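User: I've got this model open and want to know what the labels rest on. Can you take me through a few of them?

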Amino acid sequence: MPEQPSDPLHDLGVRPGPDGGRIRVWSGHAETVELEVFSAEDLDWAVERVRLERDEHGVWEGTAASLVRNARYGLLVDGPSGPEHAFNPAKTLLDPYARGILHAGPRSWRGIALGSLADEGFDWGGVEKPRIGLDHTVVYELHVRGFSRANPAIPAELRGTYAGLAHDASIGHLRDLGVTTVELLPVHAYVTEDRLIRQGKVNAWGYNTLSYFSVHSPYASAAAQSQGPAAVRREFAGMVRRLHEAGIEVILDVVYNHTAEEGRQGPTFSFRGIDNAGYYRHDAHGRYVDTTGCGNSLDFSHPAPIRLVLDSMRYFADELQVDGFRLDLGATLGRDGRNAYTPDHPLLQAMLADPVLGRSKLIAEPWDVGPGGWQTGNFPIGFSEWNDRYRDRVRDFWLGDLRREREHGTAGSGIGRLANRLAGSSNTFAAVRGPLASLNFVTAHDGFTLADLVAYDAKHNLGNGEENRDGTDGNNSYNHGVEGPTRDPEIRAARRRSIRNLLGTLLLSAGVPMLTAGDEVARTQRGNNNAYCHDSELTWLDWSRTDDQRALLATVRRLIRLRAENPALRPVRFGKFGETTPSATQMDWYNADGDTMTIDDWNSPAERTLQYLAASTPEFEAFNRILLVIHANEAETAVVLPEHEGIGHYTLLWDSASEWPDVVGEDAYPGDRVEIAPMSIQLYRAEGDA
């Protein structure tokens, strides 16, 4: 947030001054707060210790001559005892606003003040944020380390780093694919949980944040790490600049719902020791109220955690120029003093009102594990949301229905339940929000990869060390007859076809599509649907390519390009029947015979073919009309292409029955009977009168 002196929590952290550095720390319950500044050569030697003074708002302030750029410093905080408190005056604590972290051992931490804004400066070379409209956005979720760690086209010393993601080979792949926006798994400084350390494992995903103002130094190159936090920050900023130069946005997956301090018996790094009662949510007996499943939940009914989140987001959006944020377990951020979610929560509303954050992409994971935690469709106007209903419906339609058809002779439901998801999920998102409120996805970092979704009926997570208990059992997957790898050519072909259908549905639906890194080449995790504790070849992208992978990659490129070229696939608003709504899509629905769909057509399990005619109502782009034909049955069929005013012929743009996307047929005409392969999608452009 902009620094507002009228706000009692303004300017928290370290700021430079004529007599050294000034530090401001909030603790509403502390009785004493001391600043320690340590020798650069000996982190056990405090070269200066300053007792801070408290103001009426619980902000402790002081100055120290030695608190300058790159100083190593920490806090000593004491206060009352009691069930809600955890003060320990002998424990050196990390400043929540530290701009860098020095790891002095597995349980010892020191904040590093990077100094003034000028000291933290970076030459952006005039490069600005791409500011890609949501209707043109294709999100690509990736892990900084896993994306480039095994790429032989990148120098070994840069693989798996911020610089590796900024390398020409990485950017070339992203541009060639056609994605517009990368969503990075957490890059805030994080640590591995005690449980995993005891098992000899690591937290590879990063959903265990230590500091909300520091980037994770192990993702920097060894050279940058050796030079300290300022160099790590420069490498991160350089990555953002390089991606922006390529026209690619950067969104951060941020974990503001809980911290790395785990449950009450977990390690104390910062927040618990500074003000346990003020930062964390408790019940009437002083016990943690955990809505995250991670041991603690930040309490956003208090102003300090709200300020912390807003300041962190502004720091990354302003100083490091990131383009947006995906709010992990976002429902926790909207819980009030009663622990109930509300879309009017001050934190969510402040994000939207902020002049920088309000122009950023704001994406919510709209659930947590607390009471009333499932909130898909209930975030405020201005947010997009991970649409789990879309994920579940699309998976069940292409995979669950296929299984039921094979095992029971009927899919069990009609094709109508897919239509709403294709058209933007208007039954989930209010009309005023429109289809771009839906962040559509079929896979994500947690859960099966796309290749595993069509190859495994059950998770195979024994390697996680939890006896296969972790990870969801509700995958809506289908192995097509054999669990795991197989040499059976028919099963392999059916799996590839299902992948193309899932990707085609994702990239041709209204809403904002998100592709998971590696799905474009059918990356597998060998059935592990919760690979959070693996930093290995299991989770790294394999950059070698088989012929099948090259064909799939070409298909994804083609689909993304078709999405960009056809505005009818990208409506901004929901249309209204009988009205022309600007930047919406006029939709007509037909059955296999080319007739308007009836109620029976929508609901009958026997009807597995749908024709979706969509015409744009342009404001800023040329008029466009497409026809999407979906056939979800293992028997070949024929459809009668619909007759509609203004349509003279149809041009086939893509057919999921083809392994390679460049196999298209001749033009067809309204009223023509066209053969449709089993379990396939065809996309046509509908042209004007001949």
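User: Which helix comes within 10 Å of helix α10, and at what angle do the axes cross?

Analyst: Keep in mind that this is a predicted model. The partner is α13, residues 489-508, and its axis crosses that of α10, residues 388-408, at roughly 145 degrees. The crossing is right-handed.

User: What makes this a contact between α10 and α13?

Analyst: Contact means heavy atoms within 4.5 Å. On the α10 side, Tyr-390, Val-394, Arg-395, Trp-398 and Leu-399 meet residues of α13, namely Ser-498, Asn-501, Leu-502, Thr-505 and Leu-506. By type, the residues of this contact split into six nonpolar, three polar and one charged.

User: Where does α10 bend?

Analyst: At Asp-396, by about 45 degrees.

User: Why is Asp-396 called buried?

Analyst: Buried means under 20% relative accessible area. Asp-396 comes out at 14%, so it counts as buried. Other buried residues of α10 include Tyr-390, Val-394, Arg-395, Trp-398 and Leu-399, and those five also take part in the contact with α13.

User: What does Asp-396 touch?

Analyst: Leaving out residues up to four places away in sequence, Asp-396 touches Asp-401, Arg-404, Arg-417 and Asn-476.

User: What goes on at the start of α10, and what follows the helix?

Analyst: At the start, a side-chain oxygen of Asn-387 gets to within 3.1 Å of the backbone nitrogen of Arg-389. After the helix comes Gly-409, with a positive phi near 80 degrees.

User: Now over to Asp-672: is it buried, partly exposed or exposed, and how do you know?

Analyst: Partly exposed. The buried class stops under 20% and the exposed class is over 50%; Asp-672 has 30% relative accessibility, so it falls in between. Asp-672 sits in the loop between β24 (649-655) and β25 (673-676).

User: Which backbone nitrogen lies 2.9 Å from a polar atom of the Asp-672 side chain?

Analyst: The one of Tyr-669.

Key
Residues are numbered from 1 along each chain as its sequence is written. This is a predicted model: local features need pLDDT of at least 70, side-chain atom pairs count only at pLDDT 80 or more; totals for chains, interfaces and linings use all residues. Side-chain values use heavy atoms; hydrogens and water are left out. Axes are lines fitted to C-alpha atoms, for helices over the stretch in contact, and angles run from 0 to 180 degrees between N-to-C directions. Helices (H or I, at least four residues) and strands (E, at least two) are DSSP runs, numbered from the N terminus. A crossing is left-handed if the near helix is turned anticlockwise from the far one by less than a right angle, and right-handed if clockwise. Ala, Val, Leu, Ile, Met, Phe, Trp, Tyr, Cys and Pro count as nonpolar, Asp, Glu, Lys and Arg as charged, and the others, Gly among them, as polar. The bend at a residue is the angle between axes fitted to the seven residues ending there and the seven starting there. Buried means under 20% relative accessible area, exposed over 50%, partly exposed in between (1.4 Å probe, protein chains only). A polar contact is a pair of N or O atoms within 3.5 Å; within protein, one must be able to donate a hydrogen and the other to accept it, and residues adjacent in sequence count only if both atoms are side-chain atoms.
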